Structure formats: structure tokens, C-alpha cells
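Let's take a friendly walk through this model together. Please have your viewer open and follow along as we go.

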Amino acid sequence: QVQLVESGGGLVQAGGSLRLSCAASGSTFSINAGRWYRQAPGKRRELVAGITSGGTTNYLDSVQGRFTISRDNAKNTVLLQMNSLRPEDTAVYYCNADLKGGVVLLRDFWGQGTQVTVSS
């Protein structure tokens with residue numbers, strides 16, 4: 001059974017940094033494309049950053065220059081390095097990924113979410 005397991009959330013002061021990790025476990029499937037979403041209380045879920053199988057990245061305008069998404073194919077992991085955090089970055093962060101095993105592509109897997117809280 002394939003699972004996306006997130007880690008790295010927590011409480012940090014404004015201006016601080018956190019690194020989120022999303023690992024695919026439980027099968028021989030690898031992460032093809034990976035994305036990080038977030039959802040703050042009372043707000044819609046929004047796409048924060050994405051990375052394709054070829055390494056092309058895209059970012060939400062408000063995190064451009066502060067967040068960096070990357071992948072470690074050897075560890076089957078997608079990372080989100082978050083610097084210069086602001087209180088408005090407070091949200092539950094979710095990993096979303098497409099998984100590939102041979103010729104099979106499984107789309108739109110979700111992790112359980114990890115809380116990020118930035119205090120002012």
C-alpha cells in the first residue's frame with residue numbers, strides 16, 4: 001500500500017525556517033511529480049509549490065524567493081525548504097504527488113498534512 005508520509009512541521013518564530021519532507025513509502029512506486037499545498041483556517045487549499053519529474057518548479061507568488069521545492073530521487077522524497085517565514089504562512093501543509101511504477105502512473109496521492117505555525 002502506497003503512502004505519502006510528511007514530516008518537519010512545527011512552531012517557529014517569524015523570520016525562521018522549517019523544512020518539510022514528503023516520502024513515498026510502502027511500495028516500489030516512485031514520486032513522479034510532487035506538490036505542496038496549504039490550507040489555513042477558513043481559507044481554501046492553495047498550491048504553494050510544485051516540481052515536475054524533470055525538475056521544473058513553480059511557486060505561489062507570495063512564497064517566491066522564500067520557499068524552495070526540491071526532490072531527492074534516491075530517497076523517493078520531495079522537500080520544501082521554507083525560509084523567512086511569516087505569520088500568514090501558518091497553515092496545514094499537504095504533500096500531493098503522482099507516483100510511477102514501470103508504465104503505471106498513479107495520480108493525485110495526498111499525505112496526511114503537517115501543521116506549520118509561525119508566531120509573530
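Over the face of which residue does R45 lie, at 4.7 Å from the ring centre? R45 lies over the face of W110; a charge sits over a ring if NZ of Lys or CZ of Arg is within 6 Å of the ring centre and within 35 degrees of the ring normal. The charged end of R45 also sits over the ring of Y94, 3.9 Å from its centre.

Before we go on, a word on conventions. This is a predicted model, where local features need pLDDT of at least 70 and side-chain atom pairs count only at pLDDT 80 or more, while totals for chains, interfaces and linings use all residues. Residues are numbered from 1 along each chain as its sequence is written, and side-chain values use heavy atoms, with hydrogens and water left out.

Now look at the rings themselves. Rings of Phe, Tyr and Trp (its six-membered ring) pair if their centres lie within 6.5 Å, and planes under 30 degrees apart count as stacked, over 60 as edge-to-face and the rest as tilted. By this rule the count comes to two aromatic pairs. The ring centres of Y37 and W110 are 5.0 Å apart with planes at 50 degrees, so this pair is tilted. Y37 lies in strand β4 and W110 in strand β10, so the pair ties together parts that are 73 residues apart in sequence. For Y94 and W110, the centres are 6.4 Å apart and the planes at 80 degrees, so that pair is edge-to-face. Here Y94 belongs to strand β9 and W110 to strand β10, 16 residues apart.

How does accessibility look here? Buried means under 20% relative accessible area, exposed over 50%, and partly exposed in between (1.4 Å probe, protein chains only). Y94 counts as buried at 16%, whereas W110 is partly exposed at 33%.

Finally, turn to the strands, which are DSSP runs of E with at least two residues, numbered from the N terminus; two strands pair if DSSP finds at least two bridges between them. Eight of the eleven residues of β9 (residues 91-101) are buried, so this strand is largely enclosed by the rest of the structure. β9 pairs with β4 (residues 30-39) in the antiparallel sense over nine bridges, and Q39 stands opposite V92. β9 and β10 form a hairpin with two residues between them, and G102 in the turn has a positive phi of about 65 degrees.

Technical notes
Helices (H or I, at least four residues) and strands (E, at least two) are DSSP runs, numbered from the N terminus.
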